Amino acid sequence: MNVAASGRNVGAARLTLRLHRLELVALGGVLVALAAAAFMVAGWLDAIGYGPSCIDPTGTQPVSVSCEALSRRFYDLQGSLASPIAGLLVTLAYGAAALLGVAVVGRELERGTSRLAWSIAPSRRRWYLGRLVPVLVALAAITFLAGIATDRLAAASAPGVDVTRAFDGFGSRGGLVASRAILVFAIAVATGTMLGRVLPALMLAAVLSWASLSYGSQIHDRILLGEAVAVPADQDQRGARFFDQRFRLPDGQLVGWEVMQQLDPPPPDGEWIPKYPMVNLVVPGERYRAVEAREAAALGTGTLVWLGFAGLVVSRRRPG
């Protein structure tokens with residue numbers, strides 16, 4: 001019995017992947033090619049030799065001629081190839097998620113093939129999972145590869161910075177690329193199931209995905225601001241998530257520029273040097289992995305909610 005059931009599941013997965021073969025091959029092929037290009041460009045950036053010895057975090061030391069030449073080559077390559085490739089990887093990951101998502105149920109509803117499938121399927125829930133899971137697994141694989149590639153580019157583009165302990169490019173590299181793309185996929189599945197038309201569902205999915213990611217990031221930023229710590233402004237803060245600049249009063253209170261100008265008015269002429277030390281509100285780079293895991297968990301929860309909603313719609317939708 002188990003062998004027969006496993007055989008049916010494998011056959012259903014193959015059928016589902018065959019139904020989405022064009023999208024998976026085209027979009028997956030482009031993402032894999034871009035990921036390969038990202039690794040290649042990252043290798044070129046490393047080979048230039050522009051490293052920590054040429055970087056002065058304070059910006060007060062003179063730059064040697066050799067470092068200036070290396071810097072020019074490094075940033076030319078970064079601007080012409082590394083940044084565009086990273087941007088394309090993230091954009092196409094989201095685009096692939098949306099296109100595949102609306103097609104999972106929406107295309108079958110639009111073509112009318114779902115009516116026959118629902119009439120012979122043991123249950124709509126099993127039919128839904130059979131259509132959903134193979135595409136979801138394939139998408140997770142290719143978008144995770146895109147995330148690894150953007151992480152590699154980020155590491156090569158920031159010499160001397162440990163990107164596993166840095167907020168540079170937060171959300172647009174690493175595992176969060178896949179997590180966000182899968183949320184977009186779930187939203188697209190839900191809109192396709194609700195509307196039953198691919199193009200309108202794709203447009204609605206784009207709006208809902210933008211709103212979810214945008215407002216979700218704003219909420220997370222507010223949480224992070226509450227967790228920020230004050231560090232001296234002249235301290236090396238590479239990799240930290242910067243939020244604001246304040247002044248520390250003798251009693252430890254932190255105040256902004258407007259309050260500081262009232263406490264210590266700037267002179268009418270000449271340079272103003274505040275008498276109280278300046279501090280930056282930052283989340284240290286050491287917390288990157290914990291913050292990344294928290295956002296991935298929130299995105300995963302949102303994904304389950306949207307996919308569960310789509311499954312509920314499938315189970316209650318009229319066949320016609």
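Modeller: A salt bridge is taken here as a side-chain nitrogen of Lys or Arg within 4 Å of a carboxyl oxygen of Asp or Glu. The model is predicted, so that local features require pLDDT of at least 70 and side-chain atom pairs count only at pLDDT 80 or more, whereas totals for chains, interfaces and linings use all residues. Residues are numbered from 1 along each chain as its sequence is written, and side-chain values use heavy atoms, with hydrogens and water left out.

Across the whole structure, the search returns eleven salt bridges. One of them joins Asp 151 to Arg 173, with the closest N and O atoms 2.6 Å apart. Since Asp 151 belongs to helix α5 and Arg 173 to the loop between α5 and α6, this pair ties together parts that are 22 residues apart in sequence. Helices (H or I, at least four residues) and strands (E, at least two) are DSSP runs numbered from the N terminus. Both partners are buried, a class defined as under 20% relative accessible area, with exposed meaning over 50% and partly exposed lying in between (1.4 Å probe, protein chains only). Asp 151 has a relative accessibility of 17%, and Arg 173 has one of 2%.

A second pair brings together the side chains of Arg 287 and Glu 227, at 2.9 Å from N to O. This bridge links distant parts of the chain, as Arg 287 sits in the loop between β4 and α9 and Glu 227 in helix α7, 60 residues apart. Arg 287 is partly exposed at 28%, and Glu 227 is likewise partly exposed at 29%. Arg 294 joins Glu 227 and Arg 287 in a network of salt bridges.

Within helix α9, Arg 289 and Glu 292 are three residues apart, and are therefore separated by about one helical turn. Their side chains meet in a salt bridge of 2.7 Å, N to O. Here the two partners fall into separate classes: Arg 289 is partly exposed at 39%, while Glu 292 is buried at 11%.

Glu 108, placed in helix α3, is buried with a relative accessible area of 10%. Leaving aside neighbours within four places in sequence, its contacts (heavy atoms within 4.5 Å) are Leu 19, Ala 103, Thr 113, Ser 114, Trp 127 and Arg 131.

The nonpolar packing comes next. A nonpolar core is a set of buried Ala, Val, Leu, Ile, Met, Phe, Trp, Tyr and Cys residues joined through side-chain atoms within 4.5 Å. The largest such core has 66 residues, of which Leu 89, Tyr 128, Phe 185 and Val 189 touch the most other members. Two or more residues are given to this core by each of α2, α3, α4 (113–120), α5 (124–157), α6 (175–195), α7 (198–227), β4 (278–283) and α9 (288–316). Helix α3 gives the most, with 16 residues. Beyond four places in sequence, Leu 89 is in contact with Leu 31, Leu 34, Ala 35, Ala 38, Ala 146, Ala 149 and Thr 150. A separate second core of five residues includes Phe 247, Leu 249, Val 255 and Trp 272.

Rings of Phe, Tyr and Trp (its six-membered ring) pair if their centres lie within 6.5 Å; planes under 30 degrees apart count as stacked, over 60 as edge-to-face and the rest as tilted. Tyr 50 lies in the loop between α2 (21–48) and α3 (65–111), and Phe 74 in helix α3, so the pair ties together parts that are 24 residues apart in sequence. Both Tyr 50 and Phe 74 are buried. The pair of Phe 167 and Phe 170 is also tilted, because its centres are 5.7 Å apart and its planes stand at 50°; both residues are buried.
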